[in-house]
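Hi everyone, thanks for coming.

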Amino acid sequence: MSLTELIEVTKTFTVNGESITAVNNVSLVIEKGDFISIAGHSGSGKTTLVSIIGGILSPAFGKVLFNGTDICSLNDDKLSEYRNSKIGFIFQFASLLPNLTAKENVLLPCIFSREKKSDRDNLAKEYLEKVGIGNKINAYPSQLSGGEQRRVAIARAFINSPELILADEPTGDLDEATEHDIMEFLHRANNEKGTTFVIVTHSSDIAYGCRKMYRMSRGILTQETL
Amino acid sequence: MFLSFSMKNLKRKPFRTAVLLLSIAFLVSLLIFSTSFTASVHSGIQKASDRLGADLIIVPVGARDYAEEFLLESKNRSFYMSKDIIERIKNIEGLEVIESMTYHTYLSTIAGVCCDIAQTQVVAFDQNTDFILRPWLQKAINRPLARGEAIAGYETGYNLGFDLLDIETTLFNNTFKIIGELDRTGTGLDNALFMTEDDLQHIIDSGNSPLKKGEISIIFTKLKRGVDPYYVGKIIEGNIVEVDVVERSDIGREILNTLKDINKIFLVTIVFTSLLTAFLVWAIFSAIANERSREIGIMRAIGAKKSHIVRLFMIEVFVLGLLGSLVGMAAGTYLSMYLVNSFELLNNVSATLTLIQHAEIAVAGLLAGTGICIAGALMPIGRIKNMEPLLAIKEG
C-alpha cells in the first residue's frame with residue numbers, strides 16, 4: 001500500500017541567472033514499511049528530493065501525495081502539521097538547538113504538536129536511552145560529540161511516532177562503530193514498528209543494506225536492482 | 001516551554017540583552033518623568049485655581065501676571081486698583097449672574113523699616129464677604145479674626161525660619177498677634193500673613209502704609225451656576241477698561257505657555273528616543289533573525305507553524321520590553337517623585353501628583369515601552385516567519 005507517491009515532480013533553482021533542474025520529472029512510490037536508500041553524488045538532487053517529500057520545499061511541477069492527499073495543496077498550517085506528525089527528519093548537518101538540552105531538543109516537536117502527551121518527558125528519556133545516550137539527557141549540544149548529537153537528532157525524529165522518516169546522510173561524518181549502531185537502530189524501528197524510511201546516503205554499504213535502492217543523477221531518479 | 005525557550009534565548013547574549021533592556025528603560029523613564037513633570041504642573045495649577053474657588057479674578061489692567069505669580073508661585077507682588085471698581089461691576093447692566101464678590105489687598109513687609117519680620121506678602125481680606133479663606137480659617141480657629149490678630153499661611157513660618165504661633169510681631173508699625181496657621185491651600189496664599197481689612201484701614205489711617213485709602217489688589221468673583229465665565233469676563237473688561245479679568249480655567253496661562261515650550265522639548269526628545277529605541281530593537285532582532293535562521297528552519301521542518309515562530313519571538317520581545325519598561329518605570333517614578341524639589345517651577349506651583357496619578361503614568365509608560373519594543377521587532381519577525389524552511393536552514 002502506498003504511503004507516499006511522487007508524480008512527475010520537478011524542481012528548478014535559479015543560480016546566478018542560470019536555471020538548474022535539481023529534480024527532473026521524478027515519479028516514485030514509497031510503500032508503507034519501505035526502507036529505501038537514495039544514493040548519488042553531491043549536487044545530484046537527493047536532498048532536494050527528500051525536502052520535497054518532507055514538505056519543506058515545494059516542487060515547481062508535479063504532485064506529492066501522502067496517504068492520497070496532495071501535500072502541495074495544503075496551507076502552511078496544515079503542511080506544518082503534516083511535517084510535525086507524519087514526518088521525522090534526520091538532517092545531514094548538526095540540527096540541534098544550541099540552547100536546549102538533549103531532552104529539550106528531543107521534545108521540541110511535541111511543543112508544536114496539537115496532541116498533548118502527558119508522559120512526553122518519559123518518552124524523550126526512553127528514546128534517548130534507545131539511541132544510547134540516556135546518561136546525557138541534560139547535556140547541551142556543545143557538551144556532546146558529533147555522534148551523540150546525531151543520536152539526539154534521531155531520537156527527536158522518532159518522538160512524535162511519524163509514519164515516514166527522512167534521513168539525509170544520517171551517518172555522514174561518524175565513525176564506523178557509531179554508523180553501525182545508528183543503522184541498526186533504524187532497521188530495528190523499521191522491523192518492529194513498521195516505520196517507513198527514506199535514507200539519502202553516499203555510503204554503498206548503507207545503500208545496499210536497504211530493501212530498495214534508488215540512484216539520483218542530475219535530478220533524475222532511477223531504481224537499482226539489489 | 002515557549003517561555004523557558006525564549007528566556008534561554010535572551011540569556012544567550014547577555015550584553016546585547018542588557019543594551020536593549022537599558023535603552024527601553026531609558027525611554028520609559030524619560031517618558032514617565034516628562035509626563036509626570038507636565039501633569040504635576042497642570043495638576044498644581046488646577047488645584048490652586050479650584051481651591052481659590054473663584055470663577056473670575058479681576059486685577060488692575062496689566063497686573064495679571066503679577067497676580068498669577070503670587071497666587072500660583074508665591075512670589076511677593078503688590079498691585080492696586082480702586083475699590084470703587086467693585087461697585088462699578090455691580091452696576092453693570094445685565095450682570096445679575098454674580099453670586100458673590102470679595103477682594104484682597106496685598107502688601108509686602110519691609111524688615112527693619114516698618115516690620116520686624118523678613119519680606120513676606122501680607123494679605124488683607126474682608127471678613128464680611130470672604131469666601132476664599134473662610135474654609136481654612138474655620139478649620140484653623142473656628143472664629144473670625146479679631147482686631148490686632150493675624151494668621152499665617154501653611155508655609156510662612158517655615159519660610160521665615162521661625163515658629164510664628166502665638167508670637168507678637170510688628171507689621172507696618174502696628175503690633176499683631178499671630179494666633180494660628182492655616183492648613184495647606186496649595187496656592188501662593190500658603191506663604192502669606194493674613195490680617196483683616198479693618199486692621200489694614202487702621203494702618204492706612206495711621207499713616208503707616210504707602211497704600212492709599214480705597215485701594216485694593218484683587219477681586220474674586222463667584223458666578224451663578226451655569227453662567228459662562230468668559231462671557232461675563234468680556235462684559236466686565238468691556239465696561240471697565242482699568243481691569244483685566246482672568247477666568248478660572250485661564251489661571252496659570254503664562255506658566256502653561258512656558259510649559260508648552262518645555263513640553264515641545266520633551267516631545268522631540270521622546271519621539272527621537274522612541275524612534276532610536278524602535279530602530280535598535282529592529283536592528284537587533286534583524287540580527288537575531290539572521291543568526292537563528294537555521295534554527296527557525298529546523299523548527300519549521302519539524303512542525304513549527306508560523307504562529308509558533310511568531311509566539312517564540314514575541315515572548316522574547318515582550319519579556320524584554322516588559323523588563324526594560326519595569327526598570328524604566330521604577331527609575332522614572334523615582335525621578336518624578338524625588339527630583340521634584342530640584343525644579344523651581346514645580347516647587348512654586350506646589351506641584352504634586354497623587355499615588356494614583358503616579359501609578360497611571362507608570363502603567364502608561366510601561367505599555368508604551370513594551371509597545372515600542374514590540375513595534376520595532378514586528379518587521380524582522382514577519383520576515384523570518386515567512387521564510388521557506390529549507391531556505392532558512394541554508395541561509396543559516
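Predicted model: local features only at pLDDT ≥ 70, side-chain atom pairs only at ≥ 80, totals over all residues.

β1 of chain A covers residues 2–15, and it pairs with β2(A) in the antiparallel sense over ten bridges. Another facing pair here is A:Phe13 with A:Ile20 in β2(A). The hairpin of these two strands has two residues between them, and in it A:Asn16 takes a positive phi near 50°.

β1 and β2 belong to an open sheet of four strands in chain A, with the order β2-β1-β4-β5 and antiparallel pairing. At the edges stand β2 (18–31) and β5 (69–70), and each has a single partner strand, so one side of each is left without a neighbour in the sheet.

Reading across, the order is β6-β7-β8-β3-β9-β10, and the pairing is mixed. Which strands stand at its edges? They are β6 (87–90) and β10 (220–224) of chain A; each has a single partner strand, so one side of each lacks a neighbour in the sheet. On average, neighbouring strands in this sheet are turned by 20° against each other, ignoring direction.

Inside that sheet, look at β3 (residues 35–40) and β8 (residues 196–201) of chain A. They run parallel and are joined by five bridges.

Helix α5 of chain A, residues 146–158, lies across β6 and β7, running at about 175° to β6(A).

α5(A) also has a helix partner. The axis of α3 of chain A, residues 102–111, comes within 7 Å of the axis of α5(A), and the two cross at roughly 30°. That angle makes α3(A) roughly parallel to α5(A), and the crossing is right-handed. Who meets whom? From α3(A) we have A:Ala102, A:Asn105, A:Val106, A:Leu108 and A:Pro109, and from α5(A) we have A:Val152, A:Ala155 and A:Arg156. By class, that contact has six nonpolar, one polar and one charged residues.

To sum up chain A as a whole, its secondary structure comes to seven helices and ten strands. Its C-alpha atoms fill a box of roughly 45 × 40 × 40 Å along the principal axes. A compact globule of 226 residues would have a radius of gyration near 17 Å, and chain A agrees with that at 17 Å.

On to chain B. Here we have 14 helices and eleven strands. How does its radius of gyration sit against the globule rule? The rule gives 21 Å for 396 residues, but chain B comes to 30 Å, well over that, so chain B is more spread out than a compact globule. The box its C-alpha atoms fill is roughly 100 × 50 × 30 Å along the principal axes.

One helix pair in chain B deserves a stop. α2(B), residues 14–52, packs with α11(B) at an angle of about 40°, their axes 6 Å apart. The two helices are therefore oblique to each other, and their crossing is right-handed. The residues of this contact divide into 17 nonpolar, ten polar and no charged.

Last stop: where the chains meet. In numbers, 18 residues of chain B are in contact with 19 residues of chain A. On the chain B side, α1 (2–12), α10 (293–301), α11 (306–338) and α14 (389–395) each supply at least two residues. That side of chain B has nine nonpolar, three polar and six charged residues. So much for the tour, and I'm happy to go back to any view you like.

Conventions:
Residues numbered from 1 in each chain as written. Chains lettered and ligands numbered in written order. Contact = placed C-beta atoms within 7 Å. Nonpolar A, V, L, I, M, F, W, Y, C, P; charged D, E, K, R; others polar. Axes fitted to C-alpha atoms, helices over the stretch in contact; angles between N-to-C directions. Parallel < 35°, antiparallel > 145°, perpendicular 65-115°, else oblique. Left-handed = near helix turned anticlockwise from the far one by under 90°. Pairing = 2+ DSSP bridges. Rg over C-alpha atoms; globule rule 2.2 N^0.38 Å.
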